[in-house]
Amino acid sequence: VLNRLGRRTVVFVGLMGAGKTVIGRKVAATLGLPFVDSDHEIEEVSRMTIPDLFAAYGEEEFRALERRVIARLLKEGPQVLSTGGGAFMSAATRQAVARHGVSVWLKADLETLMQRVVKRQNRPLLQADDPRAVMQRLMEVRYPVYEKANVTVRSRDEPKEVIAAEVMTSLA
Ligand code: S3P
């Protein structure tokens, strides 16, 4: 797999709760590549949490910072990069990913996503009266775009090792 990847970064895309960070870490360990998470990098450079960034500057500013951070990380590769759920919606980011990486869409169903996101209150987009309806709407809007990823792997309620192994197979 490493040979096939060459200098390309493995880029995880997909909705909040799809398991991009958990599976990304696992795949990075298997490949012996560094793991980076765009949300984490954004928090480092801004010295703010994502909810605070959204509250103080709004989503547009967050997206601009997200594009810059991901463009920089892609040039630092090869590594394994987990992106925030909205990142791949940017055409510029998709182009940069196509140039420097292999994109992997972790596709999960609504139940799985909701189960995983209730555990943490760190997603400003889901601070709504009906987070489930928001998630459903995001699925409708984003799935046609996530489909452009190079490979798709289903993320279900299985041990992370199983899903990570499926990612490895899809990259081979
Ligand atoms: C977002 C997903 C979050 C984070 C921000 C916006 C989105 O990342 O970037 O809250 O638009 O889907 P995760 O997908 O890692 O939760």
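1. Let me start with Gln79, which touches Thr9, Val10, Leu33, Pro34, Val36 and Leu73, leaving out residues up to four places away in sequence; contact here means heavy atoms within 4.5 Å. Gln79 sits in the loop between α4 (50-75) and β3 (80-82). Helices (H or I, at least four residues) and strands (E, at least two) are DSSP runs, numbered from the N terminus. With a relative accessibility of 5%, Gln79 counts as buried. The cut-offs are under 20% relative accessible area for buried, over 50% for exposed, and partly exposed in between (1.4 Å probe, protein chains only). The Gln79 side chain reaches the backbone oxygen of Leu73 at 3.0 Å. A polar contact is a pair of N or O atoms within 3.5 Å; within protein, one must be able to donate a hydrogen and the other to accept it, and residues adjacent in sequence count only if both atoms are side-chain atoms.

2. A word on the model before going on. This is a predicted model, in which local features need pLDDT of at least 70 and side-chain atom pairs count only at pLDDT 80 or more, while totals for chains, interfaces and linings use all residues. Residues are numbered from 1 along each chain as its sequence is written, and side-chain values use heavy atoms, with hydrogens and water left out.

3. Now the ligand. Which residues are closest to the ligand? They are Lys20, Asp39, Arg63, Arg123 and Arg142, and 13 residues surround the ligand, where a residue is near a molecule or strand if one of its heavy atoms lies within 4 Å of it. A polar side-chain atom of Lys20 is 2.5 Å from a ligand oxygen atom, and a polar side-chain atom of Arg63 is 2.6 Å from an oxygen atom of the ligand. Gly86 takes part through its backbone, with an N or O atom 3.4 Å from an oxygen atom of the ligand. The protein buries 95% of the 380 Å² that the ligand exposes when taken alone; accessible areas come from the Shrake-Rupley method with a 1.4 Å probe, and for residues only the protein chains shown count as cover.

4. On to the aromatics. The structure holds four aromatic pairs. Rings of Phe, Tyr and Trp (its six-membered ring) pair if their centres lie within 6.5 Å; planes under 30 degrees apart count as stacked, over 60 as edge-to-face and the rest as tilted. Phe54 and Phe62 make a tilted pair, at 4.8 Å centre to centre and 40° between the planes. Both Phe54 and Phe62 are buried. Tyr143 and Tyr146 are also a tilted pair, because their ring centres are 6.0 Å apart and their planes stand at 50°. These two tyrosines lie three residues apart in helix α7 (residues 131-146), about one turn of the helix. Tyr143 is buried at 13% relative accessibility, and Tyr146 is buried at 0%.

5. Trp105 joins that story, as ring pairs link Trp105, Tyr143 and Tyr146 into a cluster. Trp105 lies in strand β4 and is buried at 1% relative accessibility. Apart from neighbours within four places in sequence, its contacts include Val13, Gly14, Glu147, Ala149, Val151 and Val153. Gly85 is 20 residues from Trp105 in sequence, and their C-alpha atoms are 10 Å apart in space.

6. Strand β4 (residues 101-107) pairs with β5 in the parallel sense over four bridges; two strands pair if DSSP finds at least two bridges between them. The bridge partner of Lys107 in β5 is Arg154. Which face of β5 is covered? Val151 and Val153 make up the covered face, whereas Thr152 and Arg154 form the uncovered one. In a regular strand the side chains alternate between the two faces of the sheet.

7. Ser155 is buried, at 1% relative accessible area. A polar atom of its side chain lies 2.7 Å from the backbone oxygen of Ala18. Beyond four places in sequence, Ser155 touches Ala18, Leu106, Lys107, Ala108, Thr112, Arg116 and Ile163. Thr112 is one of the buried residues of helix α6 (residues 110-117), along with Leu110, Leu113, Met114 and Val117. The cover over the buried residues of α6 includes α7.

8. Finally, have a look at Pro51 in helix α4. Pro51 is partly exposed, at 30% relative accessibility. Pro51 and Pro124 are 73 residues apart along the chain, with 5.5 Å between their C-alpha atoms. Outside four places in sequence, Pro51 touches Asn122 and Pro124.
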